[in-house]
Structure formats: structure tokens, C-alpha cells
Amino acid sequence: MEFLISETIDGVVVDHARCLHKRVADSGAHKFESAKGYKVILYWIKIFLSPIRRTSLLPVVTAQQMQAIDRQAIDGFGIPGITLMENAGLGIVRELQKVFPNLSQKKIFVFCGKGNNGGDGFVIARHLFNLGSQVTVLLAGKLSELKGSAATNANSALNIGIQVTELNPDSLNSLDHKLRHCDVIIDAVFGTGLNKPASGFMEKVIDKINQFEKFEKFVVSVDINSGVDSDSGQLMGPHVKSDLTLALACYKQSHLLHPSAGVMKEIRLIDIGIPAKACEKQNIHVHQAEESDIKSYFPKRDPNSHKGSYGHVLVLAGSRGKGGAAGLTALAVLRAGAGLCTLALPETCQKAFELHPMEVMTVPLPETASGTLSLKAKEAILDLLNGKSVVAVGPGISTDPETVALLGEVLPQIQCPLVLDADALNALSSHKDWLGKLQSETVLTPHPREMSRLTGVPTEEIQKNRVTTASKFASDHSLTLVLKGSPSLIGLADGSVVINPTGNAGMATGGSGDVLTGIISGLIAQGLSPSQASIAGAYIHGEAGDHFASSQSQTTLIAGDLLRCLPETLKRILP
């Protein structure tokens, strides 16, 4: 799925024509009453004073928030609703001209509903007609049922000679021949207000639109695909499958969350002239990261710097048979730009790392009979903490009872930023009281099943409520949570959530998460806050996967390919 932002700068409301952005703080704790006390306060003061704390993340809204934003634009700023509808229709036609340079030569059918989404469809039809396109409107209802701006635009379409056909169950199939010979089908049936599955006649209308997928008709959905719930990302019933979805004013959560995002091959954002101030009163806590946000996190490297300037990461990882996870994490730390990395692992595993990778320093630690870290390693690990910028724990470390006991002794004593992944999370899920003992600069990176173990909530329920899960857990425990998946979500301690737009299905391969842990740790070592490093790390990790998929394939991608693609990915992002 691709994303593109389109800005209309010469619509009807010229002085308001700019993309809806909201400047949001990278963090902003509201839970000073946390049991972690002064450490939490000091942490957020540190973040607040960071010169790169603010970014222009794209707001991602619910249907209710979008309705409130529309109402604020209309009632609060005096922009008529019909003007916003005009801007929407005109912006969509201009976007279609980018897709089809010969748009005026196309045969186009516009399916319209009876609400504002249908009103947008009538505006689109009028502008297409004016271009010279052969356009027909198919109204899922009667003209007499239209109200307000939708009725006004329907009358305008009729007055200039556009053919408008009122659909009913008997006439729906009579148009198959004409539809089969058209070029583009526009879905303007349901908008963001739909809150129950389409049924009856409306279900048949949606099925009719999808029927022509086999004839390779290009389907465009206005704002959101008809039949898709705007908020949950779930497919609640019959829904349109589109080649292009043109989101109006803001992304809605279901544009970005699967499985709903999977029925939209490409999404583009259309500005309709709503002032950015219209969203300020809405408590928008979900945003999407863009490359410009990621770039803003990185200062240029000081030419008078040295390896110590870019931090020293300690990685506690590996066990017999799982040394590869440790190696991937350590190499990712260095590839992400950290100055130094020390990999501490069971002594039998350490022997394999003495010569390769040569850039990683290794320390052998006492091990159990099964080749995992022993409780006897405690003192050595505590000594290794001296001078470290970040500690990453978990990849391949195992859930051996003695190793878990070791983590229980060590984790509460780590005072620098901490990144926990894999078996460290599994250990944590068995000892949830440890969460209250972790310092505030902690990052957890669970996949959905690990998240299920941490919360006690079934994986299926987590997948249905990913945004809420990430927000609540991060807020409740005053930490940063990277909930991996499609897409990955970064939950911040203030309850806000950032959606990561990069990555692909090829990254569903062993070791991919170990690389992510290393990238995040390496970025923290260089001075990014844990939340910044998590947002940037997820973005860079996914972008590396996308780079490999575009040059090779998703199917052949392995974790080592992510490491090999990191230099090219960072080259484009770093200043």
C-alpha cells in the first residue's frame, strides 16, 4: 500500500488551502503521580528540553473527530459546508488527472449514496463532465431523498446535462453492459459515518462495484471505501475494494490499520481547505510518521567527534542455538550509528563471535548446563553497565528459569535507557510486578502474541484493538511500547500513538525483530529519546525492508538483508 499527500492550493477557499497538520510534542507526560516518582519527572523534563522534541506528524482521526473538525470549520470559521464539498470534489478530479493524463477521454461511472459522500460524487461528476469525460451518475436511491449540499450538487449535475440514473433492485443489473465498457468506477456511496454492515440493496450496490474487478476496471473510493468502518481497521461486512482511495482532509484510522487497509491498494490525502486550527480542540492522539519527521530527529555529525560521542550499547542476548539473534542485534546497533557495542552472551556462544563480526566487542558470561545465561553472571553484568548509554536485553536469551531469575535481579538495577525484546518480554509477562521496577526510559518491542502474554488479553482481541492496546499499556506503565505488526504502532507514555507507514510482509521472518531492537538501541545511544528512537527505528527498519522488496522481492527477504539495506536507507534520511 502506498501513501501520497496532495495539496490543493487553488481551491475555492484559497487562504485555508493547506494540508491539515498538527504539531505534536514527541512526548509530554501527564502521569507525574507515577510510582516511579522523580525519575519520571526528570525524564520528561529531559525530553521537553530536547531541541528536536517537536515534529509535524500527520493527524489520524476517528469518524467522530472528523465530524467535529468539519463542524468547527463550518460553524467556527464560517466556511460553508458546500464549499468544503466543492473543494473535495475538485481536489479529487485534479488527483485523477495525475493518474490519468487523458482523463477527458475516459468513460466514468460515479456510484453515489444519499449523504455527503454522494454529494462529493456529484461534484466530481460535474468537474469530469466539464473536462469532457463521458460520465454517468448511478444514485443508490432517489433524487427526492437527497438533502442539503448533496441535493444542490445533484441539481447542478442534472442542469448541465449529466445523466443521473436512480438505482433500485430491479435496475441494478441492467447496467452491466455499460459498466463493462467503462474505464473508471468511482465509489461515493458511504463515507465515514457508516457504523454498521451494509445490507440489503446497499450490499448489492457494493457487490456490483466489486463485480467489475475481474474486468480490471480502475476503482476509486471517495474518502474511505464504502462498507469499511472508519475507526477500527476491521472489515465489518461487505466493502468496496479500491485501486485508489482518496482520503479527505485527514487520514482515518482504517486507512492505515489492517485488515481494512488491505482493501485499498493506494491511499492519497486530499486537502479540502479545512484550517489546521479546526483540529486543535480535538484530542487527536493518533498520528502517522513521515520521513520529514524522522529527518528532524537527526542532527549533523560533529566533525570533531569520536566513537564515544555516539554512545556505547550493551546487548545481553543469545543462548545455545540462538546466537544468531544476538549477532543480528549487535550489528544493527552499529549499523544504526552507535559508536560502540558490547555483546555479552553465554561463554560457549561467545567463542563463535570472537572473529566475526569483528566490529562487535564480546564478553563471555557464566552459563547454565543448557547453554543459557546463569545467575552467576549477575556481578559481571552489573560491572558491564558502567559507562553504557543503553542496554538491550532479550533476543535469543531463552526462558530458562535460571536466566529469568537473573533478569529479575539485573533489570531493576539498570539506570540507563533499556530496550526489552523477545524472551525478556516473555520473562516480564511471568513477573508483571517487574514493570513497576523498570526505569522510565524503557522501550518494549512485543509482537501481538508477546503483547497478549504481557496483558493477559487474547491475541485476537489485541489485533482488533491495536491502537487502544498500545496507548493504554504505554500510558499505564509510563514507557514506550512498539507493538509490532502491520502496521507497527508506537505507544508513548502520554497515551499518544504513532503509526509507522513503512514495512512489508516480507519482513515476517526470523530475526527481523532482533534487527529492530538493535536499531532502536543504536539510535538512543546517539542521543535520541526512547520515543524518538522508537518512531525513527520502526520507520528505518521498515524502509530497509521496503528497499530490499523493491529491488529484490518480499519472498526472499531475510533479516540479514535488513542490515545490508540499512546504509542506503540511512543515507537518504540522515542530514
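In the predicted model, strand E14 (residues 312-316) and strand E15 (residues 340-346) are paired in the parallel sense, with 5 bridges between them. Within this pairing, Val-313 has Cys-341 of E15 as its bridge partner. Together with helix H10 (residues 323-335), E14 and E15 form a β-α-β unit that is right-handed. E14 also runs parallel to strand E17 (residues 390-393), to which it is joined by 4 bridges, and here Val-315 is found opposite Ala-392 of E17.

Of the 5 residues of the strand, 5 are buried, so E14 is largely enclosed by the rest of the structure. The cover extends to both faces, with His-312, Leu-314 and Leu-316 buried on one side and Val-313 and Val-315 buried on the other.

A further parallel pairing is found between strand E6 (residues 134-139) and strand E7 (residues 163-166), which share 4 bridges. The chain passes from E6 to E7 by way of helix H5 (residues 148-159), in a β-α-β crossover that is right-handed. In this pair, Thr-136 is placed opposite Gln-163 of E7.

For the protein as a whole, the secondary structure comprises 20 helices and 22 strands. The radius of gyration is 26 Å, close to the 25 Å given by the globule rule for 575 residues, and the protein is therefore as compact as a globular protein of that length. The C-alpha trace spans about 85 × 45 × 45 Å along its principal axes. Buried residues make up 59% of the 575, and the accessible surface amounts to about 22,900 Å², of which carbon and sulfur atoms contribute 51%. Among contacts with a separation of 6 or more, 74% are between residues 24 or more positions apart.

The largest nonpolar core contains 56 residues, of which Val-391, Val-393, Leu-411, Leu-420, Leu-444 and Leu-481 touch the most other members. When residues up to four places away in sequence are not counted, the contacts of Leu-481 are with Leu-444, Pro-446, Met-451, Ala-470, Phe-473, Ala-474, Leu-489, Ile-490 and Gly-491. Another core, of 55 residues, lies apart from the largest one and includes Ile-294, Leu-328, Ile-535 and Phe-548.

Technical notes. Residues numbered from 1 in each chain as written. Predicted model: local features only at pLDDT ≥ 70, side-chain atom pairs only at ≥ 80, totals over all residues. Heavy atoms only, no water. Pairing = 2+ DSSP bridges. Helix = DSSP H or I, 4+ residues; strand = E, 2+ residues; numbered from the N terminus. Right-handed = clockwise from strand over helix to strand, strands pointing away. Rg over C-alpha atoms; globule rule 2.2 N^0.38 Å. Buried < 20%, exposed > 50% of the residue type's maximum accessible area, 1.4 Å probe, protein only. Contact = heavy atoms within 4.5 Å. Areas by Shrake-Rupley, 256 points an atom, 1.4 Å probe, with all protein chains shown as cover. Core = buried A, V, L, I, M, F, W, Y, C linked by side-chain atoms within 4.5 Å.
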